[in-house]
Amino acid sequence: MIRKILIANRGEIAIRIIRACREMGIETVAVYSEADRQALHTQLADEAVCIGPAAAKDSYLNMEQIISATLVTGADAIHPGFGFLSENHRFAQLCEACNITFIGPDSMTISKLGNKAMARTTMIQAGVPVIPGSEESLTDENRALTIAKEIGFPVIIKAVLGGGGKGMRVAYSEDEFIQEFLTAQKEASMAFGDNHMYLEHFVENPRHIEVQILADQHGNVIHLGERDCSIQRNHQKMIEESPSIAVSEELREKMGKAAVQAAKAAGYTNAGTIEFLLEEDEKFYFMEMNTRIQVEHPVTEWVTGIDLVKEQIRIADGRVLSYTQDDVQIKGHAIECRINAEDPKHNFRPCPGTITDMYLPGGKGIRIDSAIYSGYTISPYYDSMIAKLIVYAKSRKEAIAKMHSALGEVIIEGITTNIDFLYDILERDDYQEGDITISYMDHVLEEMQEESKWI
């Protein structure tokens, strides 16, 4: 049995994992950089180990230091959270070599699904709908142009390795393709050390729908419904909800079945997310699979009543899933807003600094996942997300009203945040009516700029 877990992460996800471990009677080890010495996760864990300087590459991405901390503290397992090393197959492989349980899929599965071209091939073989695209990875722009013509414009150019919107460009015509390909390729090389690209037909104005799955080591795979993550800026999600207003019971069953097929075809275990693009005619296409816990996992927990982090740990411990597909029922509606230390009025630039005072709301159906406190200094070295506000209600209309009320109560002084911006989104008629696609934020920002409300 797993008795002690080292959490190879920081911030709110580290706190989330620590709380789950406490409830399960499992000891925890926090790791931290020199910049995070006073971070909340270091204070709540049973043990804490400094693993290097502030820069992530010297600390939270330092595999050897993290493995050493695990061995020194006698931890049985590592939970990678999200980001950092969570989808790094070499790190998972290192854990396997050191006989440390990696709370996630095995290294070969991460490698296969992290390579977008290989993931696409796996989905095609499993009968999961995929977007028409290249069947090979590409490095030569002229060869890529020939394939782009065959696929049909517009096309989206993506890095074979990586994610987070880096190494990604859309070409709407033959004339602009070469320049966009070379730009995306350069970004991919700088971000991921790899210049292999692939192409897909660009589906215009779809919704971004993802399906949560759980798979144990005994061949059991279930899905937990969908999340609508269409509200995003530069491929970074801002507001997520479950269920999606655009997904009927029949469509949910189809997408869930496809997600389970995808997981089984990949030989997947643990928690994972299948991401789809959904068109207005209810056609959907596989986009990618995230082999980790998602930032937005709380909305699924609200509407299903299933603790995803606890299930991750149980699965990694070799146990059978606690639930069958028949046990999963989607009830009510949940919405999550990501609160970031950033300034929307100045192109969302990060705003690190010290929190001088704060108040976070509570009450029935309100959840805060955060690691901030009064006097805490937001570091410039890491992601700007400082809290997630999640609400739950019987209907989407009630959930929006509850989120609107809760956001209005949040006080975080000393730094600039995006709270007012999120508040404005919730008040828009098109959002309240569910008229949203992945291009929604582009239109919103254009309108706000025209009104001189946001710059």
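Predicted model: local features only at pLDDT ≥ 70, side-chain atom pairs only at ≥ 80, totals over all residues.
**Strand β6.** I started with β6, residues 155-159, and found 5 of its 5 residues buried. I checked which way the side chains go: V155, I157 and A159 point one way, I156 and K158 the other. Next I looked up the neighbours. β6 pairs with β7 (residues 168-171) in the antiparallel sense over 4 bridges, and I156 stands opposite V170 there. β6 also pairs with β8 (residues 197-201), again antiparallel, over 5 bridges. In that pairing V155 sits opposite H201.

**Salt bridges.** I got a count of 31. I picked out R169 and E187, whose closest N and O atoms are 2.5 Å apart. This pair links distant parts of the chain, with R169 in strand β7 and E187 in helix α8 (residues 174-192), 18 residues apart. R169 counts as partly exposed because its relative accessibility is 27%; E187, at 24%, is partly exposed too.

Then I went to E249 and R252, where the closest N and O atoms are 3.2 Å apart. They are 3 residues apart in helix α9 (residues 249-265), so about one helical turn separates them. E249 is exposed at 60%, but R252 is buried at 10%.

I also noted D369 with R367, at 2.9 Å between the closest N and O atoms. Both D369 and R367 are buried. Elsewhere, salt bridges with shared partners join E210, R227, K237, E240, E275, E296 and R338 into one network.

**Charged patch.** Last, I found a negative surface patch made by E280, D281, E282, D429, E433 and D435. I placed E433 in the loop between α14 (429-432) and α15 (440-450). E433 counts as exposed because its relative accessibility is 59%.

Notes. Residues numbered from 1 in each chain as written. Heavy atoms only, no water. Patch = residues over 30% accessible without salt bridge, like charges linked within 9 Å, V, L, I, M, F, W, Y side chains within 5 Å. Areas by Shrake-Rupley, 256 points an atom, 1.4 Å probe, with all protein chains shown as cover. Salt bridge = Lys/Arg side-chain N within 4 Å of Asp/Glu carboxyl O. Lys, Arg positive; Asp, Glu negative; His and termini not counted. Charge placed at Lys NZ, Arg CZ, Asp CG, Glu CD. Helix = DSSP H or I, 4+ residues; strand = E, 2+ residues; numbered from the N terminus. Buried < 20%, exposed > 50% of the residue type's maximum accessible area, 1.4 Å probe, protein only. Pairing = 2+ DSSP bridges.
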